[in-house]
Amino acid sequence: MSQILSKGPARLTCHCKMRFLSTHRGKLASHPTSIRPSNTEIRNTRLSPQNLEVAMRSLYQDGLVIVENVVPHDSLDRLNKKMTEDAYILRSKKEDSPFNYNPGNIQQDAPPVREHFDFNIFLNPIATQITSSALGPRPKWTFCSGNTAMPPTAECPPTSQPVHSDADFAHPCHPFAYVINVPLITMTPENGSTEVWLGTHRDTGPHVQEGLHGERASGRIKLDELEKRRAVRPPSQPMVPKGSIVIRDLRLWHAGIGNQTEIPRVMLAMIHFASWYRNPMKLELADDLKPVIDSLADVEVPVDWVTKSDALSRYLNRGFGNAYDFNQQP
């Protein structure tokens, strides 16, 4: 995995040169850029201008960037304990579980209540710094869920999703939404780290897709398009350390890979849309979170407020991922 250390302009210049040479030879790297913020950046919860430039360039060129060591591990451990318990409840629903493409890959919401809401996870300041720099001020946070790769069973061996795009509709050809993924444990090829096809966010309209929006298998990339792309820049399945955030262009081709371990791999997914993008979705949150959300200045959060008891009774009864509509109104 290529890594950029925040040690000043000299490193940045070297990185730019390496990427230029790689592009010049027609051999762009398949592994995403990973930024390791300095202690000062982590303490201030702000990337330096140099590292923010690296993030912008990576999103423009690759459609994805990883930022390491920005989420406290104890916060991740607390949420992972609860969501792992919930994951087995969802799997027990079998054909009625909210799975994506195959039963081993479950769409899973976090409990939308104050007790399980950690600011560093759901509203990470560095994540917001990146999305607001790329999309413009006050992006809208209108989707909050997760994706869990479950351990294999005899009935459900490790199975990968088809390569697909979450933008399974006619959409702008410029950036309009970024997914913020937060893995609750270290993601590896063995436990289901997401396969990513860097650079495909620029060529992912309906002409390369199969399946109607709303179907479990919508947004699949046509096989001949995959083979053409593989010859230019093959996919990768990166290792993502615990404590990282992954910022991904909604349009990027990717695929969930089957978990070969005995431990569920939970990865949260929050989507920030540009302020001008007219997506009508709202989050459903417990009203004990209202003081937290009302205090936000950098993100707009449309919310349907419900009581804590209602929130807890409904969050495990959501639809599968492709049932959500990320399109915008006219």
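Predicted model: local features only at pLDDT ≥ 70, side-chain atom pairs only at ≥ 80, totals over all residues.
Q: Why is asparagine 69 called partly exposed?
A: Its relative accessibility is 47%, and since a residue has to be over 50% to be called exposed, asparagine 69 counts as partly exposed. Asparagine 69 belongs to the loop between β3 and α4, and it has a positive phi of about 60° without being a glycine.

Q: Why is the pair of lysine 82 and aspartate 86 called a salt bridge?
A: The closest N and O atoms of lysine 82 and aspartate 86 are 3.5 Å apart, and a side-chain nitrogen of Lys or Arg has to be within 4 Å of a carboxyl oxygen of Asp or Glu, so the pair meets the rule. The two residues are 4 residues apart in helix α4 (residues 73–91), which means that about one helical turn separates them.

Q: What does helix α4 look like, and which elements do its buried residues pack against?
A: Helix α4 has 19 residues and reaches 26 Å from its first C-alpha to its last, which is close to the 27 Å expected at 1.5 Å a residue. Its buried residues include Leu76, Leu79, Met83, Asp86 and Leu90, and the buried residues of α4 pack against β5 (102–107), α5 (119–122), β6 (140–149), β7 (177–183) and β13 (265–273).

Q: Why is the contact between arginine 220 and glutamate 210 also called a salt bridge, and what does the pair tie together?
A: The N to O distance between these two side chains is 3.9 Å, and because the limit is within 4 Å, the pair qualifies. Arginine 220 is partly exposed at 26% relative accessibility, and glutamate 210 is partly exposed at 36%.

Q: How do you know that glutamate 227 and arginine 230 form a salt bridge?
A: Their closest N and O atoms are 3.5 Å apart, and because the rule asks for a distance within 4 Å, the pair counts as a salt bridge. Both residues lie in helix α7 (residues 223–232), 3 residues apart, about one turn of the helix; glutamate 227 is partly exposed at 45%, and arginine 230 is partly exposed at 36%.

Q: How many salt bridges are found by this rule, and which residues are linked in a network?
A: The count comes to 18 salt bridges, and a network of salt bridges links Asp109, Glu284, Arg314 and Arg318.

Q: What makes a space in the model a cavity, and how many cavities are found?
A: A cavity is a set of points where a 1.4 Å probe fits but cannot get out, and 3 cavities of 30 Å³ or more are found in the whole structure. About 470 Å³ of space lies in the largest cavity, which is lined by 36 residues, with Asn147, Asp166, Arg248, His254 and Met267 nearest its centre. That lining divides into 16 nonpolar, 16 polar and 4 charged residues. The second largest cavity has a volume of about 70 Å³, and its lining holds 8 nonpolar, 6 polar and no charged residues.

Q: Why is aspartate 287 called partly exposed, and which residues does it touch?
A: Its relative accessible area is 40%, and because exposed requires over 50% and buried under 20%, aspartate 287 is partly exposed. Aspartate 287 lies in the loop between β14 (283–286) and α8 (290–294), and, not counting residues up to four places away in sequence, it touches Trp305, Val306, Thr307 and Lys308.

Key: Residues numbered from 1 in each chain as written. Heavy atoms only, no water. Buried < 20%, exposed > 50% of the residue type's maximum accessible area, 1.4 Å probe, protein only. Expected span 1.5 Å × (residues − 1). Contact = heavy atoms within 4.5 Å. 1 Å grid on protein atoms, 1.4 Å probe; cavity = no way out; pocket = protein on both sides within 12 Å on 5 of 7 lines; lining within 4 Å. Points joined across faces, edges and corners; volume = space filled by probe spheres on them. Nonpolar A, V, L, I, M, F, W, Y, C, P; charged D, E, K, R; others polar.
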